[in-house]
Amino acid sequence: EEPLLNLCKSLDQGKDFMSMNNLAYLDDGKVVCNPLNPPLDFNKLPFPDYDIFEEKSLYRPMMGKIYRTVAIELHRGCPYTCTYCNSSSNNMLYMGATGKPFFRKSTMQKFKEEMAYMCKKHNPEFIYFISDTFLMMTEKEFDEFCEIYSDYKIPFWGNTRAETVSRRRVEKLEEINCARLNVGIEHGNEQFRRDALKRNVSNEVLINAVKIIGN
């Protein structure tokens, strides 16, 4: 967000932007990549402004129905190292260039404030949590999340990994009206997942997680 804002300001003011950090461009057919800034603290970003879109753009299909839906970002990136995903490459890129990981979490205080704002402003019927791995939380963070969300109990969904699923967590999510929890498998062959995809999770863990969610 920050580099894009700076680029727009430079274009608007007619200033030179070719040396701006985070910018890549072609110079006489050659790719030039400027240095990276450290990843920004996205807890300091303003809440998304849905007013710039048409009112009807808030409506999304989910499980056979149409809901007035807003998205809330709990995490940015992912700490896992799957070879097919851009998040793992971003982690390596940023660590190498800036010494900082790309993966970041929202604070529970920021989440609390954003939920209050979004619900008052847009009156959503459904919440989509934007997270590569929704349940990538400590038990303390998870309990805080559930406590905050219990004041709303709006149906919601998110994507997570089998390793983050437990019966305790699924039962608490059910209490606060979790409507759907997606778990990626990616490939049915355990060896291929481990060796080629670097997704080191056993069939047993995957099956157990799906059974817990399904029951």
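User: What should I keep in mind about numbering and confidence before we start?

Analyst: Residues are numbered from 1 along each chain as its sequence is written, and side-chain values use heavy atoms, with hydrogens and water left out. The model is predicted, so local features need pLDDT of at least 70 and side-chain atom pairs count only at pLDDT 80 or more, while totals for chains, interfaces and linings use all residues.

User: Happy with that. Why is Arg76 called buried?

Analyst: Buried means under 20% relative accessible area, exposed means over 50%, and partly exposed is in between (1.4 Å probe, protein chains only). Arg76 has 15% relative accessibility, so the label is buried. Arg76 sits in strand S5 (residues 75-76); helices (H or I, at least four residues) and strands (E, at least two) are DSSP runs, numbered from the N terminus.

User: What makes the pair of Arg76 and Glu73 a polar contact?

Analyst: A polar contact is a pair of N or O atoms within 3.5 Å; within protein, one must be able to donate a hydrogen and the other to accept it, and residues adjacent in sequence count only if both atoms are side-chain atoms. The side chains of Arg76 and Glu73 make such a contact at 2.8 Å.

User: Which residues is Arg76 in contact with, leaving aside neighbours within four places in sequence?

Analyst: With contact meaning heavy atoms within 4.5 Å, the partners are Glu1, Leu40, Phe42, Leu45, Phe102, Phe103 and Arg104.

User: Are Cys33 and Cys82 buried or exposed?

Analyst: Cys33 has 61% relative accessibility and therefore counts as exposed. Cys82, at 6%, counts as buried.

User: What makes Asp51 and Lys121 a salt bridge?

Analyst: A salt bridge is a side-chain nitrogen of Lys or Arg within 4 Å of a carboxyl oxygen of Asp or Glu. The closest N and O atoms of Asp51 and Lys121 are 2.9 Å apart, and the pair forms a salt bridge. Asp51 lies in the loop between strand S2 (30-33) and strand S3 (59-62) and Lys121 in helix H3 (residues 108-122), so the pair ties together parts 70 residues apart in sequence. Asp51 has a relative accessible area of 49%, so the label is partly exposed, and Lys121 at 41% counts as partly exposed. By this rule the count comes to 13 salt bridges.

User: What about Arg68 and Glu55?

Analyst: Their closest N and O atoms are 2.6 Å apart, and they form a salt bridge. The pair links distant parts of the chain, with Arg68 in strand S4 (residues 65-73) and Glu55 in the loop between S2 and S3, 13 residues apart. Arg68 counts as buried because its relative accessibility is 11%, whereas Glu55 at 49% is partly exposed.

User: Which residues are linked in a network of salt bridges?

Analyst: Glu139, Asp143, Arg168, Arg169 and Lys172 are. Within it, Asp143 and Lys172 meet at 3.2 Å, N to O. Asp143 lies in helix H4 (residues 139-149) and Lys172 in helix H5 (residues 167-175), so the pair ties together parts 29 residues apart in sequence.

User: How do you know that the buried residues of H4 line one face?

Analyst: The buried residues are Phe142, Phe145, Cys146, Ile148 and Tyr149. Seen down the axis of H4, they fall within an arc of 165°, so they line one face of the helix; the arc is that of the directions from the helix axis to the C-beta atoms. The face turned away from the buried side carries exposed Lys140 and Glu147. Covering the buried residues are elements including H3, strand S7 (126-130), strand S8 (156-160) and H5.
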